[in-house]
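Subject: Handing over a structure, with notes

Dear colleague,

I am passing on the structure below, and my notes on what was found in it follow directly after. Please have it open while you read.

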Amino acid sequence: VTSFLDLARRLVLEQGISIHPVIPGDKPPGEYAGGHWRPMKGWDRFKRQLPTEDELAGWDTWPDAGIAVVAGSLSGIVAVDFDHRPDLH
């Protein structure tokens, strides 16, 4: 099993792909503080800059955090979301 930190380092430091943590079992960007998950404000900065190694290490301590890849020019990834278009499924 790959740990959050191992996967995060591989994506960010080795491959130059930007990420952010997500609320466990959900899709929105999230942060953990005071024993609770909440939506992460300002997550869109990861469209312009990679998270630091200190941020990755901090996120690793958040219980059951998921990882979302930030699509865009920084990461070199394009994604198409058609969840709300059943005619395309």
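Predicted model: local features only at pLDDT ≥ 70, side-chain atom pairs only at ≥ 80, totals over all residues.

Histidine 20 sits in strand β1, which spans residues 19-22, and, leaving aside its neighbours within four places in sequence, histidine 20 is in contact with Pro29, Trp43, Phe46, Trp59, Gly66, Ile67, Ala68 and Val70. Between histidine 20 and arginine 45 there are 9.9 Å in space, C-alpha to C-alpha, although the two are 25 residues apart in sequence.

Of the 89 residues in the protein chain, 30% are buried, while the chain exposes about 6,000 Å², of which carbon and sulfur atoms supply 52%. Among the contacts between residues at least 6 apart in sequence, 60% join residues that are at least 24 apart.

Turning to the interior, in soluble globular proteins nonpolar side chains tend to be buried together. Here the largest nonpolar core has 14 residues, and those with the most contacts inside this core are Ile19, Leu56 and Trp59. Helices α1 (4-14) and α2 (53-59) each supply at least two residues of the core, with the largest share, five residues, coming from α1. What does isoleucine 19 touch, if residues up to four places away in sequence are not counted? Its contacts are Ala8, Leu11, Val12, Phe46, Pro51, Leu56, Trp59, Ile67, Ala68, Val69 and Val70.

Two of those names, Phe46 and Trp59, return when one looks at the aromatic rings. A pair of aromatic rings is described by the distance of the centres and the angle of the planes. The structure holds four aromatic pairs. In one of them, the rings of phenylalanine 46 and tryptophan 59 have their centres 5.5 Å apart and their planes at 85 degrees, and an angle over 60 degrees is what counts as edge-to-face, so the pair is described in that way. This pair links distant parts of the chain, since phenylalanine 46 lies in the loop between β3 (36-39) and α2, whereas tryptophan 59 belongs to helix α2, 13 residues apart. Tryptophan 59 also forms an aromatic pair with tryptophan 62, and that pair is tilted, at 6.4 Å centre to centre and 45 degrees between the planes. Are these residues buried or exposed? Phenylalanine 46 counts as buried at 2% relative accessibility, and tryptophan 59 and tryptophan 62 are buried as well. Tyr32, Trp37, Phe46, Trp59 and Trp62 form one aromatic cluster.

The next topic is charge. Side chains of opposite charge can pair when their charged atoms come close.

Lysine 27 is exposed, with a relative accessible area of 63%, whereas aspartate 83 is partly exposed at 44%.

Arginine 45, already mentioned with histidine 20, meets glutamate 55 in a salt bridge of 2.3 Å, N to O. Arginine 45 is in the loop between β3 and α2 and glutamate 55 is in helix α2, 10 residues apart. At 27% relative accessibility, arginine 45 counts as partly exposed.

Arginine 85 forms a salt bridge with aspartate 87, the closest N and O atoms being 2.7 Å apart; arginine 85 is partly exposed at 42% relative accessibility, and aspartate 87 is exposed, with a relative accessible area of 56%.

Lastly, on the surface, Val80, Phe82 and Leu88 form a nonpolar patch with about 300 Å² of accessible area together. Valine 80 is found in the segment after β4 (66-69) and is exposed, with a relative accessible area of 70%.

With best wishes

Conventions
Residues numbered from 1 in each chain as written. Heavy atoms only, no water. Patch = residues over 30% accessible without salt bridge, like charges linked within 9 Å, V, L, I, M, F, W, Y side chains within 5 Å. Areas by Shrake-Rupley, 256 points an atom, 1.4 Å probe, with all protein chains shown as cover. Salt bridge = Lys/Arg side-chain N within 4 Å of Asp/Glu carboxyl O. Helix = DSSP H or I, 4+ residues; strand = E, 2+ residues; numbered from the N terminus. Buried < 20%, exposed > 50% of the residue type's maximum accessible area, 1.4 Å probe, protein only. Core = buried A, V, L, I, M, F, W, Y, C linked by side-chain atoms within 4.5 Å. Contact = heavy atoms within 4.5 Å. Phe/Tyr/Trp six-rings, centres within 6.5 Å; stacked < 30°, edge-to-face > 60°.
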